[in-house]
Number of protein chains: 2
Amino acid sequence: MDKNLTLKELAKLLNVSISTVSKALSGSPEISLETKERVQTLAKTLNYVPNSLGRNLKFSQTKTIGVIIPDILSHFFAKALYGMELMASELGYKIIIAISNDSLNKERDSIQTLISGSVDGIIMSLSQETQAKMEIEHLKDVLDHQIPLVLFDRVLSIIPCDKISINDFTQAEQATMELIDAGCNKITYMTGIPNTSVDDQRKQGYLNAVKKFGLPKQVIKFDQKNFPHAILKDLLQQNKIDAAIAADELSAILIMKSVIQSGFIIPDDISIIGFTNGIMGENFLPSLSTVDQHEEKQGCLAMETIIARIQGKLPETPVHYKLKTSIIHRESTRNYS
Amino acid sequence: MDKNLTLKELAKLLNVSISTVSKALSGSPEISLETKERVQTLAKTLNYVPNSLGRNLKFSQTKTIGVIIPDILSHFFAKALYGMELMASELGYKIIIAISNDSLNKERDSIQTLISGSVDGIIMSLSQETQAKMEIEHLKDVLDHQIPLVLFDRVLSIIPCDKISINDFTQAEQATMELIDAGCNKITYMTGIPNTSVDDQRKQGYLNAVKKFGLPKQVIKFDQKNFPHAILKDLLQQNKIDAAIAADELSAILIMKSVIQSGFIIPDDISIIGFTNGIMGENFLPSLSTVDQHEEKQGCLAMETIIARIQGKLPETPVHYKLKTSIIHRESTRNYS
DNA sequence: TTGTACGCGTTATCAA
DNA sequence: TTGATAACGCGTACAA
């Protein structure tokens, strides 16, 4: 049980050469059955584990994928990460995780440390700041270093790389239309995650739908740490709102909480629909109707894609998978026939 | 902008030796100012990034910490991970994340891949299965390979390594006593995470408190995917329960939901107190009174500890930090003076 | 069937 | 002030 057993030490113990040991352990047919067994049993009893540092250098690959996400506390990213980990471990890959905290600088730093060869590929979802400033030099760096890159969820179309996303536009449009179908005609789009690509597309989908039906549009941006309780209450009292589309799960919960605290009833007074099928929305009273984004599947797919890209199994031109999603009807929206 | 620029290539371009380039880039005083600048500017324009694979092998260290947690969807672990990432990036370390999914086998596999030299140390919280079966061979493996190990939250005292935990026993005891103070005398301990060390200690703390005050004890174990709604309703109707201590956040939410759906009032009919200060408990209606476990701080501390251990800054005998925690009073418990 | 020698990219020691 | 060389641990082409 020495600390770091190497091939060299094994070879010395067995009185054979290093390469013999190496070959014997990899089961090469060049080696006689006898020595092969001799080597293998000793390796096993001594609990030999090949040092991956040497292997990494030899093959210049690490079997590791870097994952950069803006946030780990949001259910969406946590579940996406879960999917990635599942797929990665199945395919024999490890994950280095970095959390950008929606900061461009942190994102840049993380990329800097990752492109030095510690990972074979990078999966990321862009930080809010990155998308707001449209700053993409650091992403170019990744590409320049020939490191495969997969963008998911918060995607930027100008980056020439593989992408995974859901069709936010269509989904928001469909969600809006279902609210209209159910008889709502004062539908507001409320977002606690402004300046992200997903937010923008969802808003556009919403705007498109209300325009198509000649309904008034109303958009409220807010800070999730400082919800505009009074504003929403006013709207409710003046009967200027009868439905809300929330840009993400936490936004939806905050809206529902505020509505209830103002003494109004969900869904009788107002219907709410959110994005992301998380534990919070599932367990809130009333439970949240929501757009299921198949977070876990997005994560799996992102991991599958980057590994396929690394192994050269993908066409040279970037692929863009847009996942189909569905709406989960629960208690926060009115029934419609 | 070649793909993988190496010292060798730089040296050739500049017509100097490899070692000169290496020294120049590290700012060695051995090299003349002139060549130093010549080298550095070229390296910069060509966007040279030293390959960490080479460095890793040279120093046999990776500046990477392996983190194995049972679950990423629970707020506790997500936030602990967040704390770890924060501290790691501050100290120049990366994180490889593995999710055991509360399975012993997955935990074993993860350890196996990590001890081959891909990490300088391992932080982990034991899986439910590991704790239930008391199977620790794989942990011994880590120690045998001379890899520093830090256990946090779900800790096993027989493993000789550094540990971080909160004092679950005391906390549960204190939580119980506060419920008693507030006039509750039919207090039940309800757990959706049986067979974990934290659950066991919390239960013991609860039992100790009710025993001390001569109150009846009542423990309900359940599966979080299949909450015993009917049983709880019966207890409420027969007035056999007036307070519940929930072993974790999700358990607490499930209890509150069930209580409300049965038509009872929180905290008038029953007080609820949980563990973990997460978004769910914070935003539920009523908001959850809970034991704050300082998840983020536990994560930070775990990371600080393992790095200190790696750098030899810790005494040889293992340290065990037990964090003090506090109780956050919100709406799910009665006021008491 | 086994052993020798080399290269992966980096740093460090020592010689020029 | 600079350069040649060895070493980290592994795998492998080639020689024995």
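**The contact between the chains and its surroundings**

Mentor: The contact draws 44 residues from chain B and 43 residues from chain A; the model is a predicted one. On the side of chain B that touches chain A, the elements giving two or more residues are H4, helix H5 (75-90), strand E2 (94-99), helix H12 (249-261) and helix H13 (279-283) of chain B. E2(B) supplies the largest share of that side, six residues. Sorted by class, the side of chain B that touches chain A holds 24 nonpolar, 14 polar and six charged residues.

The symmetry of the pair comes next. Chain B is superposed on chain A by a rotation of 180° with 0.0 Å of shift along its axis, at an RMSD of 0.1 Å. This is the relation of a two-fold axis. The C-alpha of chain B nearest the axis belongs to B:Ile96, at 2.2 Å from it. The same surface serves both copies, since 98% of the contact residues of chain B recur in chain A.

The division of the chain gives a scale for this picture. Chain A consists of domain 1 (7-49), domain 2 (58-166 + 295-325) and domain 3 (168-293). Taken over C-alpha atoms, the centres of domain 1 of chain A and domain 3 of chain A are separated by 65 Å.

The DNA strands can be taken in turn. DNA strand C is surrounded by 25 residues, with A:Ser19, A:Glu30, B:Leu7, B:Asn51 and B:Gly54 the closest. H2 and H4 of chain A, together with H2 and H4 of chain B, are the elements that give two or more residues to the surface near DNA strand C. The most is given by H4(B), with five residues. H4 of chain B is also one of the elements on the side that touches chain A. In the surface near DNA strand C there are nine nonpolar, 12 polar and four charged residues.

Around DNA strand D there are 25 residues, of which A:Ser19, A:Gly54, B:Ser17, B:Ser19 and B:Thr20 come nearest. Two or more residues of that surface come from each of helix H2 (18-25) and helix H4 (52-59) of chain A and helix H2 (18-25) and helix H4 (52-59) of chain B. The surface near DNA strand D comprises eight nonpolar, 12 polar and five charged residues.

Helix H3 (residues 33-45) of chain B has 13 residues and reaches 18 Å from its first C-alpha to its last, close to the 18 Å expected at 1.5 Å a residue. B:Asn47 follows H3(B) and has a positive phi, near 60°. For helix H10 (residues 197-212) of chain B, 16 residues at 1.5 Å a residue should span 22 Å, and the end C-alpha atoms are 22 Å apart, which agrees. The buried residues of H10(B) include B:Val198, B:Arg202, B:Tyr206, B:Ala209 and B:Val210. An α-helix has 3.6 residues a turn, so residues three or four places apart point the same way. The buried residues of H10(B) pack against helix H7 (128-133), helix H9 (168-181), strand E6 (187-191), strand E7 (219-221), strand E8 (243-246) and strand E9 (271-275) of chain B. Just after H10(B), B:Gly214 takes a positive phi of about 65°.

Some backbone features of the loops remain. Most residues other than glycine have a negative phi, and most peptide bonds are trans. A cis peptide bond, with omega about 0°, joins A:Leu285 and A:Pro286. A:Pro286 sits in the loop between helix H13 (279-283) and strand E10 (289-292) of chain A. In chain B, the peptide bond from B:Ile266 to B:Pro267 is cis, with omega near 5°. The loop that holds B:Pro267 runs between H12 and E9 of chain B; H12 of chain B is also among the elements on the side that touches chain A.

A:His294 has a positive phi, near 45°, without being a glycine, and lies in the loop between E10 and helix H14 (295-310) of chain A. With 18 other C-beta atoms within 10 Å, A:His294 is partly exposed. B:His294 likewise has a positive phi, about 50°, and is not a glycine. B:His294 is found in the loop between strand E10 (289-292) and helix H14 (295-310) of chain B, and is partly exposed, with 18 other C-beta atoms within 10 Å.

Note on methods: Residues are numbered from 1 along each chain as its sequence is written. Chains are lettered from A and ligands numbered from 1 in the order in which they are written. This is a predicted model: local features need pLDDT of at least 70, side-chain atom pairs count only at pLDDT 80 or more; totals for chains, interfaces and linings use all residues. A residue is near a molecule or strand if its C-beta atom, placed from the backbone, lies within 6 Å of it. Helices (H or I, at least four residues) and strands (E, at least two) are DSSP runs, numbered from the N terminus. Ala, Val, Leu, Ile, Met, Phe, Trp, Tyr, Cys and Pro count as nonpolar, Asp, Glu, Lys and Arg as charged, and the others, Gly among them, as polar. Domain bounds come from an automatic or database domain assignment. Two residues are in contact if their C-beta atoms, placed from the backbone, lie within 7 Å. The expected span of a helix is 1.5 Å times one less than its number of residues. A residue is buried if 20 or more other C-beta atoms lie within 10 Å of its own, exposed if 12 or fewer, and partly exposed in between; C-beta atoms are placed from the backbone. Copies are superposed by least squares on the C-alpha atoms of residues with pLDDT of at least 70 in both.
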